[in-house]
Amino acid sequence: MDWIVAPDPSGRALRDVLPSMLSAMGVEDFTDTIGIPPCRNALVLLVDGLGHELLREHAADAPFLSSLQTTPPLTAGFPTTTVTSITSLATGRCAGEHGLVGYTFAEPGGGLLHPLSWTARSAPGGADDERSSLIEKWPPEQVQPHTTVLERAVAAGVDVRTAVPPHFEGTGLTRASLRGGRFRGVRELGDLAAELLAAAESPGPTLCYGYHGGVDLLGHVHGPGSVPWRMQLRQVDAFVRMIAEALPPGAVLGVVADHGMVDLDPAEAIDADSDPALSEGVRLLGGEVRVRHVYARAGARGDVLAAWRDTVGPAGAVMTGEQAMDEGYFGPVSAEVAPRIGDVLAIMRTGGVIRSAVEPGESALRGHHGSLTAAEQLVPVLVTGG
């Protein structure tokens, strides 16, 4: 399967960004494996959905960002989805350690946890509007119990700030992944810029994490490379140039992404809600269109594996959860996290597995991610300043 790009265990992965930044700031007990210039203050801007290959293909729309694309890309990790990647970035750990193993995954109550909303469907296989909060039943600090890089930085005396949309405050995902530091709610590019530059100009040492989701949103709705997507990319390019030009001496800006994205041809989609072969023996179907966690009923894993392999065929790789763990896709997997991984995984090369009845919103999207293709796995690390 030469199309699979496995996560890099050698120190050039998304999870290595914050430790590298803190090392460049001179904070003890952190190691720079990426090559960040020495600095007093560090800014990390995550542009959701801006894959390395997409940036390279659309360099004309992002001349400044492309001018910074001088080092090899990082690997995002697996699955290549926002909740997993942001948690890897913020904890410095792989999914098999921090435990947020997908867009949705099995929770102890027998349903699927949706980490973006920290809810579970009220009944396995229920519709999207049949959800209940798991904040109290399965607290984020229990799901992801490890000390975050942000918490470690605060303990080391760093002024840590997170400049993200206001509605992220106090959410399950924020509690699980971005614990530590001061929350700074930002609504548009203007106040995001103001927060980043205020951190850059601080007496230091200061670390500021910022987030922009517009590229990912328009990629999902219109497709990566579409005109709306390209117009958004142009805005981000101008934004980053503005920040870079205003950086004071001693400040570094690093621009990264959580995953890339592919354009899904509707003709290549497999609908799990209309193909009985894909539901036979299945108790839960998690993940997302490009990578599915398939949880089998007792004694049915072999039949489920065979049915999914027959249906998916050359469009993807269908394997057991144990095989995916043995291949190192999730990194080291703890005993607490292993049950969250599907008995069977469908990792798509082309097309995807939609759920037209249960996930109508996600199934109607044009752009998708989650799999291990280069287009989804490779993300840029663009550094300026120092």
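The paragraphs below go through this predicted model from the whole chain down to single residues. Residues are numbered from 1 along each chain as its sequence is written, and side-chain values use heavy atoms, with hydrogens and water left out. Because the model is predicted, local features need pLDDT of at least 70 and side-chain atom pairs count only at pLDDT 80 or more, while totals for chains, interfaces and linings use all residues.

The chain contains 15 helices and 20 strands; these are DSSP runs numbered from the N terminus, with helices being H or I of at least four residues and strands being E of at least two. Its C-alpha atoms fill a box of roughly 60 × 45 × 35 Å along the principal axes.

Of the 386 residues, 59% count as buried. Buried means under 20% relative accessible area, exposed means over 50%, and partly exposed lies in between (1.4 Å probe, protein chains only).

The chain carries 28 positive and 46 negative side chains, and the centres of the two sets lie 3 Å apart. Lys and Arg count as positive and Asp and Glu as negative, without His or the chain ends; each charge is placed at NZ of Lys, CZ of Arg, CG of Asp or CD of Glu.

Helix 1 (residues 17–24) is mostly covered, with 7 of its 8 residues buried. The buried residues are V17, L18, P19, S20, M21, L22 and A24. Their cover includes strand 1 (41–47), strand 2 (74–75), helix 4 (82–91), helix 7 (149–155), strand 9 (206–212) and strand 10 (251–256). Just after helix 1, G26 takes a positive phi of about 85 degrees. D29, in the loop between helix 1 and strand 1, has a phi near 75 degrees, a positive value in a residue other than glycine. D29 is exposed, at 69% relative accessible area.

W118 also has a positive phi, near 55 degrees, but this residue is buried at 0%. W118 is in the loop between strand 4 (112–114) and strand 5 (119–121). Most residues other than glycine have a negative phi, and most peptide bonds are trans.

Two cis peptide bonds can be located in loops. One joins F78 and P79, with omega about -10 degrees, and P79 is in the loop between strand 2 and helix 4. Another runs from G204 to P205, with omega near -5 degrees; P205 is in the loop between helix 9 (189–200) and strand 9.

A272, between strand 12 (269–271) and strand 13 (282–285), is buried at 7%. Leaving out residues up to four places away in sequence, A272 touches L278, L285, V353, I354 and R355. P314, between helix 12 (301–312) and strand 15 (316–320), is exposed at 70%.

Which disulfides does the search find? The search of the whole structure finds 0, a disulfide being a pair of cysteine sulfur atoms within 2.5 Å. The sulfur of C39 is 13 Å from the closest cysteine sulfur, in C208, which is too far for a bond. C39 is buried at 10%, and C94 is buried at 12%.

Note on methods: Contact means heavy atoms within 4.5 Å.
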